[in-house]
Amino acid sequence: MRFPVKGCCFFFAFLLLLPFVASAGDIQINGTCVLGTCPPPSGTSDALQFNQSIGLTTGSYSLTLGTDQYSITWSYSASYTAAGTELSIDPVATYIGASPSVGNDTIDFNFFQNYYDNSPGSWDGAYTETVPLNLSGNVGAGSTVSGQLFYDGQSLPLVGPFGPGSHFGQYTETLSGLTDPTLAAEYEFIFDFQAGTQPGATASSVPEPYEVLPLGLTLGCFVWSRRAARRRASYTR
Amino acid sequence: MEQNKNDQPDENEKSDRREALQKLGRFAAYAAPFTVLAMTKKADAATGHGPARHSAKP
C-alpha cells in the first residue's frame, strides 16, 4: 500500500498552524453575555498571546425589546503579532418587526478582546480606532449610531452619535499606564432606534453604500446592455 | 402586421448604438475589479490597532 505523502503534508501543516490559532472574543448585548465571558478574565485563559490570531468568526442573536424585534449579527477577527495588536468587528442590527417599532430602543453592543504578554515592559503607545458607521432604511426620527474603543478602561474618542447615512471616524491616542500583562480591549457600539422605525432598517459599522454603488452600477450596465442588444436584434430582424 | 420601415433606425443610428454598447462593455470590464475590491472592503469593518508589548526606552 502506498504511503499517502500528500495527506500527511496537509496534516502536519495543520498541526503547525494550531499554535497560531486561538479562540477568544466575547460579546455582550444590553448587559447579556451572548458569547464567552463578559468581561473576559485577566490572564491567559481568554486572551490572545504573541503570534496568535482569530480568523473571521461570525454569529447572530435575536433581541426583543418590548414588542420590537431585532436581529443582530456580527463578524470579528483579531491578532497579536510583532506589528502589534489588531482587532476588527462588524456588528449589524436590523429591525425585523412586522410593523413600525413602538418603543425607543437602545442596543448596546460590546465586543471584548484580551491580549496577554508577560514579557518586561508595557503596552503603552499609540492606539488607533477606525469606525465606519451606517444607519440605513427608514429609521424613526432621532435614531443614531455611535462607536468607541477602550483599552484597559481608557477611552479613545467617541465616534458619533450620527443620524441616518454613512459616516466615518478615525482617531489615534497615546495611552500610558498599561503595565499589566493583560491588555483588555473593548469596542462599544450604541444603536439607538427611535419609535416608528420601519422593518428592514439597519444600523452597522459597514460602509454599505460604498459596496452597493459599484455593484449596482455594474449590474445596471449589464441589464441595460442586454436590453439594448435585444432591441438591436429586433431591429435587424 | 408589417412594421413601418420609417420606424426602423438607419445605419448611422445603429453604428452609434453599437459604439455606445462597446464603450459600455469596456466600462463594465473596468468596473468589475473595483466592484470586487469594494466588496472585499466589507472585511474592514470597525478596527482597532495598538503596539505590541515593549520595554520602555532607556
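In strand β1 of chain B, the residue that bridges to Thr130(A) is Thr47(B). That pairing belongs to a set of three bridges between β8(A) and β1(B), which run antiparallel. Strands here, like helices, are DSSP runs numbered from the N terminus, with at least two residues (E) for a strand and at least four (H or I) for a helix; two strands count as paired once DSSP finds at least two bridges between them. The model is a predicted one, so local features need pLDDT of at least 70 and side-chain atom pairs count only at pLDDT 80 or more, while totals for chains, interfaces and linings use all residues. As for labels, residues are numbered from 1 along each chain as its sequence is written, with chains lettered from A and ligands numbered from 1 in the order in which they are written.

The two chains look like this in outline. Chain A carries two helices and 14 strands, whereas chain B has one helix and one strand. Burial goes by C-beta atoms placed from the backbone: a residue with 20 or more others within 10 Å of its own is buried, one with 12 or fewer is exposed, and anything in between is partly exposed. On that count, 32% of the 237 residues in chain A are buried, and for chain B the figure is 10% of 58 residues. Among chain A contacts with a separation of 6 or more, 72% link residues 24 or more positions apart.

Next comes the nonpolar core, meaning a set of buried Ala, Val, Leu, Ile, Met, Phe, Trp, Tyr and Cys residues joined through C-beta atoms within 7 Å. The largest one has 47 residues, and Ile89(A) and Phe191(A) touch the most other members. Elements giving it two or more residues include β5 (68-81), β6 (84-95), β7 (105-116) and β8 (125-136) of chain A. The largest share, seven residues, comes from β13(A). Beyond its neighbours within four places in sequence, Phe191(A) is in contact with Ala93(A), Ile107(A), Phe109(A), Val145(A) and Ala203(A).

Some loop residues deserve a look too. Leu178(A) sits in the loop between β12 (165-175) and β13 (182-193) of chain A, and it is buried because 20 other C-beta atoms lie within 10 Å. Outside four places in sequence, its contacts are Ser122(A), Trp123(A), Asp124(A), Tyr151(A), Asp152(A) and Leu183(A). Trp224(A), 46 residues from Leu178(A) in sequence, is 58 Å away in space, C-alpha to C-alpha.

Asp152(A), one of those contacts of Leu178(A), has a positive phi of about 50° although it is not a glycine. Asp152(A) falls in the loop between β9 and β10 (154-155) of chain A and counts as partly exposed because it has 15 other C-beta atoms within 10 Å. Asn51(A), also not a glycine, has a positive phi of about 70°; the residue is in the loop between β3 and β4 (52-65) of chain A. Asn51(A) is exposed, as it has 12 C-beta neighbours inside 10 Å.

Finally, the cis peptide bonds. One joins Cys38(A) and Pro39(A), with omega about -15°, and Pro39(A) is placed in the loop between β2 (32-35) and β3 of chain A. Another runs from Gly160(A) to Pro161(A), with omega near 0°; Pro161(A) belongs to β11(A), residues 159-162.

Conventions: Contact = placed C-beta atoms within 7 Å.
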